[in-house]
Amino acid sequence: MFSGGKTTAMTMAKLQRFNGMVSWMVRNLYGTIAQPIAANKARGLVGLKIKRGEKAKLKAIEWVQKEYPEDFLVEYTRYGNPKPGTDDMADSVVIARAGLLIGKEKK
């Protein structure tokens, strides 16, 4: 997982600290415990199917573009790849949508 092109240990540590701070703020503001959702679980909840061998990040970008064509505009590098960070933004949208679905199920 920590090989070239993948998330580094330093990045994972920063993400964990950020998630901890956000979880603490949610608890203080709303009195509820934040429920972390893994990206692959969120993709399943919103109906995004990833077949073996497909690139999940690119499929997430395609799904968000289809669901929010006016709001999610993708910029590409000169080599035709989505600009860095686009996949993370798409995953954030997928996780937010999954969170809404989970919230509706609890009511």
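Trainee: What should I keep in mind about the numbering and the model?

Mentor: Residues are numbered from 1 along each chain as its sequence is written, and side-chain values use heavy atoms, with hydrogens and water left out. As the model is predicted, local features need pLDDT of at least 70 and side-chain atom pairs count only at pLDDT 80 or more, while totals for chains, interfaces and linings use all residues.

Trainee: Is Arg43 buried or exposed?

Mentor: Arg43 sits in helix α2, residues 39–45, where helices are DSSP runs of H or I with at least four residues, numbered from the N terminus. Arg43 touches Leu48, Ile50, Ala56, Lys57, Ala60, Asp91 and Val94, leaving aside residues up to four places away in sequence; contact means heavy atoms within 4.5 Å. Buried means under 20% relative accessible area, exposed over 50% and partly exposed in between, with a 1.4 Å probe and protein chains only. Because its relative accessibility is 9%, Arg43 counts as buried.

Trainee: And is Tyr30 buried or exposed?

Mentor: Tyr30 is placed in helix α1, and its C-alpha atom is separated by 27 Å from that of Gly44, 14 residues apart along the chain. Because its relative accessible area is 64%, Tyr30 is exposed.

Trainee: Which element gives the largest share of the lining of the largest pocket?

Mentor: A pocket is an open set of points on a 1 Å grid over the protein atoms alone, where a 1.4 Å probe fits, with protein on both sides within 12 Å along at least five of seven lines, and lining residues have an atom within 4 Å of a point. The largest pocket is lined by 32 residues, of which Asn19, Ile37, Ala39, Ser92 and Ile95 lie nearest its centre. The elements that give two or more residues to this lining are α1 (9–30), α2 and α4 (86–106). The largest share, 10 residues, comes from α4.

Trainee: Which helix gives the most to the lining of the second largest pocket?

Mentor: The residues that line the second largest pocket include Lys55, Thr77, Asn81 and Asp87. With 4 residues, the most comes from helix α3, residues 56–67.

Trainee: At roughly what angle do the axes of α3 and α4 cross?

Mentor: On the α3 side the contact is made by Lys57, Ala60, Ile61, Trp63, Val64 and Glu67, and on the α4 side the residues include Asp91 and Arg97. Axes are lines fitted to C-alpha atoms, for helices over the stretch in contact, and angles run from 0 to 180 degrees between N-to-C directions. The two axes come within 8 Å and cross at roughly 65°.
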